[in-house]
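Have the sequence and the 3D view open as you read.

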Amino acid sequence: MAMSGRTDPRRVVITGLGVVSSIGTGAAEFLQGLRSGSSGAKPITVFDVEGFDHANGCEVVGFEPGRWIRQLPVEKLGRATQYSVAAARMAVDDAGMDLEVWRSRPGVVTIGTTDGESRDLDFMVEAEVLHGPERMAPESARRVAAGRLSAAIAQELRLADVEAVTIPTACAAGNYAIGYGFDAVRSGEAEYALCGGADAMCRKTFSGFYRLGTIAPDRCRPFDVDRKGILTGEGAGVLVLESLDSALARGARIYAEVLGYGLNCDAYHQVAPNQDSVGRCMEIALENAGVKPEQVDLISAHGTGTKANDVTEARAIREVFGTQPPKVISMKSMIGHTMGAASALSAIGCALAITNDFIPPTINHTTTDPECDVDCVPNTAVRADLRIVQNNGLAFGGNNAVVLLGKYDEVPA
């Protein structure tokens with residue numbers, strides 16, 4: 001991809017949102033779900049849960065991929081790829097992008113994931129165990145490559161000059177993808193970025209978390225003294241990023257401005273978060289964005305609802321923001337842990353919150369754990385004039401990613 005002749009960084013804004021989630025499909029439904037404190041929790045039906053003592057999750061229901069996937073054969077796409085392609089189509093439609101104009105412009109498609117197409121891997125492993133490897137379905141093998149999550153978007157939208165990247169940094173991958181797209185647009189390497197994350201629920205991931213003892217029996221209750229763990233979820237979130245100049249020139253709606261981001265990897269432990277590293281990642285993001293801690297109005301936490309994550313994250317927040325941090329919420333209380341889609345969907349929630357002047361709640365909340373000691377906006381959304389919002393994504397292996405979004409104020413000429 002050719003570099004432009006510009007040397008000054010461009011301001012980058014969000015002009016389109018695409019959502020597939022357990023509380024709504026499309027930005028409007030997702031906004032309504034966040035405002036009302038909806039819950040996507042329900043008994044899991046997408047795989048056999050016999051033998052598990054409890055098996056609630058946050059499934060996507062009523063998803064009709066053919067509504068958005070118009071060029072590619074739907075049956076040749078795995079479920080997570082269907083989610084990513086559909087969310088991308090929604091995002092470009094929401095942004096009002098004329099694809100006939102944008103197709104020839106340099107762009108980036110970057111999608112984060114934890115599992116890729118693990119539902120197809122589930123099918124293949126089951127066939128191998130029961131009948132031998134020769135009975136593995138060829139169609140599942142064709143769908144299983146994780147690179148399809150981003151490549152299929154480029155194919156569906158017939159984008160002629162794009163870099164298509166799938167980022168596998170687990171539960172922080174959505175924020176990684178946003179950072180990647182932000183850098184490409186800010187530097188002038190790309191005119192636009194379609195970035196976010198996608199994952200589909202699968203038996204492998206549910207079983208792994210279950211064996212770790214971190215699957216909640218009924219509800220996800222982040223920061224609550226009686227929290228019992230996560231609920232696995234699924235879906236996709238895709239954001240359209242473009243330069244501020246481009247958005248203004250075409251009269252696009254601007255949801256929010258991407259101010260900066262931070263990444264680090266401490267490799268401290270396979271599953272346990274490291275407080276110092278989490279805090280340092282937040283500091284890197286603030287420095288990159290040119291934002292002081294006291295300017296942040298809201299933190300959308302990783303907030304998984306596990307004992308270790310919530311205490312570690314809350315302590316890291318207080319280290320960076322002091323004894324009176326901003327409000328700290330967890331959207332996972334509503335949509336579950338959507339793995340690679342998690343921080344992308346949270347970033348979309350942050351953009352919607354900024355645009356619509358409210359703070360989404362942390363639902364299922366009774367009593368805040370004194371070790372967490374944050375105002376998690378329990379159960380009911382509140383009105384707020386949000387100027388700057390921080391979105392945290394923390395992953396196994398110590399992969400941390402934090403994104404800062406800001407309200408865009410139109411200044412009269």
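At what angle do helix H2 and helix H6 pack, and how far apart are their axes?

## The helix pair

H2 (residues 79-95) and H6 (residues 148-157) pack at about 45 degrees, and their axes are 9 Å apart. Axes here are lines fitted to C-alpha atoms over the stretch in contact, with angles from 0 to 180 degrees between N-to-C directions. That angle makes H2 oblique to H6, since angles under 35 degrees count as roughly parallel, over 145 as roughly antiparallel, 65 to 115 as roughly perpendicular and the rest as oblique.

On the H2 side, the contact (heavy atoms within 4.5 Å) includes Ala-80, Ser-84 and Val-92. H6 brings in residues including Leu-149, Ile-153 and Glu-156. By type, the contact residues split into 8 nonpolar, 2 polar and 3 charged.

## The strand

Now for strand E5 (residues 107-112): 6 of its 6 residues are buried, so the rest of the structure largely encloses E5. Buried means under 20% relative accessible area, with a 1.4 Å probe and protein chains only. Gly-107, Val-109 and Ile-111 lie on one side, with Val-108, Thr-110 and Gly-112 on the other.

E5 pairs parallel with E6 (residues 162-167) over 6 bridges, and Val-109 has Ala-164 as its bridge partner there. Pairing takes at least two DSSP bridges between strands. E5 also runs parallel to E7 (residues 192-199), joined by 6 bridges, and Ile-111 sits opposite Gly-196.

## About the model

This is a predicted model: local features need pLDDT of at least 70, side-chain atom pairs count only at pLDDT 80 or more, and totals for chains, interfaces and linings use all residues. Residues are numbered from 1 along each chain as its sequence is written, and side-chain values use heavy atoms, leaving out hydrogens and water.

Technical notes. Buried < 20%, exposed > 50% of the residue type's maximum accessible area, 1.4 Å probe, protein only. Helix = DSSP H or I, 4+ residues; strand = E, 2+ residues; numbered from the N terminus. Nonpolar A, V, L, I, M, F, W, Y, C, P; charged D, E, K, R; others polar.
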